[in-house]
Amino acid sequence: MEERREKPLGENFDFPPSVLDEIQKNIEEIILNFDIPDANKFEVIKKINFMYSQTKYMTVTDALTGLYNRRHFEECLEREFLRSKRYKNNLSFAILDIDFFKEINDTYGHSAGDYVLKELAYILLQTFRKTDIIFRYGGDEFAVIITETPIEKAIVPLQRFRRTIEALEINYCKQKIKFTVSIGVSEITETTNSIHELFENADKALYKAKENGRNQIIHF
């Protein structure tokens, strides 16, 4: 039987940001109507706004890696796709995952697997620009929206990332862990009609990279 694992606290927040915005707005209006000194009202609103910001952050963030989560991915990809189409900007998109990640979990344990995911997320953040958007899509699968960049230039940081991972040796509880990643890349062209098509092209390229032996980049 497959082991069931509890979700981290952050993954239990499943409210769309628009709903949270409406709740926060209503709470502020209620407090402003209280028969208490204005200074007290503003102090309460300040604390509630801080709590609201924390909650909203948790709705778009993966609790383990600190990267954006799948929900935020869907919103961002659509936004960047529409922006690219409107202004005729380049846009590349990459999907990557860890080769034989199940073997890491089976050999070293799930805690080691989680540590590997966090290290990979850190290296992604160090590799890409602040204008690029990085997500943990699910499990050991990650996605990167590489803004205003054609595919031939997007492959440069992706190769740098792949080589960094290939050379990496993680020390975890006196165990040395090595792993590689496979990457699929696509880009918006004049014939790309939807984010679904952009995603599917990258996903097909990732599948091809796996099929061809892993630890490589394939572009569609």
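Guide: Let's start with the side chains of strand 1. Leu91, Phe93, Ile95 and Asp97 point one way. Ser92, Ala94, Leu96 and Ile98 point the other way. All of these residues are buried. One caution: this is a predicted model.

Visitor: Why the two sets of side chains?

Guide: In a regular strand, side chains alternate between the two faces of the sheet.

Visitor: How many residues of strand 1 are buried?

Guide: Eight of its eight residues, so the strand counts as mostly covered. Strand 1 covers residues 91-98.

Visitor: Which strands does strand 1 pair with?

Guide: Strand 3 and strand 6. Seven bridges join strand 1 to strand 3, and the two run antiparallel. Strand 1 and strand 6 also pair in the antiparallel sense, over seven bridges.

Visitor: Which residues face each other there?

Guide: Leu91 stands opposite Thr147 in strand 3. Ser92 stands opposite Glu187 in strand 6.

Visitor: What is the order of strands in the sheet?

Guide: The order is 2-3-1-6-7. Five strands form this open sheet, and the pairing is mixed. The edge strands are strand 2 (133-138) and strand 7 (217-219), and each pairs on one side only. Neighbouring strands are turned by 20 degrees against each other on average, direction ignored.

Visitor: How many bridges link strand 2 and strand 3?

Guide: Five, in the antiparallel sense. Strand 3 covers residues 141-147. Phe135 stands opposite Ala143 in strand 3.

Visitor: What sits between strand 2 and strand 3?

Guide: Two residues, and the two strands form a hairpin. Gly139 is in the turn, with a positive phi of about 60 degrees.

Visitor: Which residues have a positive phi without being a glycine?

Guide: Lys174 is one of them, at about 65 degrees. Asn215 has a positive phi too, of about 55 degrees.

Visitor: Where are they?

Guide: Lys174 lies in the loop between strand 4 (170-172) and strand 5 (175-177). Asn215 lies in the loop between helix 7 (195-211) and strand 7.

Visitor: Buried or exposed?

Guide: Lys174 is exposed, with a relative accessible area of 90%. Asn215 counts as buried, because its relative accessibility is 19% and the cut-off is under 20%.

Visitor: Let's zoom out. How many helices and strands are in the chain?

Guide: Seven helices and seven strands. Along the sequence, the pattern is α-α-α-β-α-α-β-β-α-β-β-β-α-β.

Visitor: How much of the chain is buried?

Guide: Buried residues make up 42% of the 220 residues.

Visitor: Show me something in a helix. Where is Thr127?

Guide: Thr127 is in helix 5, which spans residues 110-127. Thr127 is buried, with a relative accessible area of 14%.

Visitor: How far is Thr127 from Thr164?

Guide: Their C-alpha atoms are separated by 9.4 Å. Along the chain, the two are 37 residues apart.

Visitor: Last topic. How many disulfides are there?

Guide: Zero, in a search of the whole structure.

Visitor: Remind me what a disulfide is?

Guide: A disulfide is a covalent bond between the sulfur atoms of two cysteines.

Visitor: Then what about the cysteines, is Cys76 buried or exposed?

Guide: Cys76 is buried, with a relative accessible area of 1%.

Visitor: And Cys173, buried or exposed?

Guide: Cys173 counts as exposed, because its relative accessibility is 60% and the cut-off for exposed is over 50%.

Key:
Residues are numbered from 1 along each chain as its sequence is written. This is a predicted model: local features need pLDDT of at least 70, side-chain atom pairs count only at pLDDT 80 or more; totals for chains, interfaces and linings use all residues. Side-chain values use heavy atoms; hydrogens and water are left out. A disulfide is a pair of cysteine sulfur atoms within 2.5 Å. Buried means under 20% relative accessible area, exposed over 50%, partly exposed in between (1.4 Å probe, protein chains only). Two strands pair if DSSP finds at least two bridges between them. Helices (H or I, at least four residues) and strands (E, at least two) are DSSP runs, numbered from the N terminus. Axes are lines fitted to C-alpha atoms, for helices over the stretch in contact, and angles run from 0 to 180 degrees between N-to-C directions.
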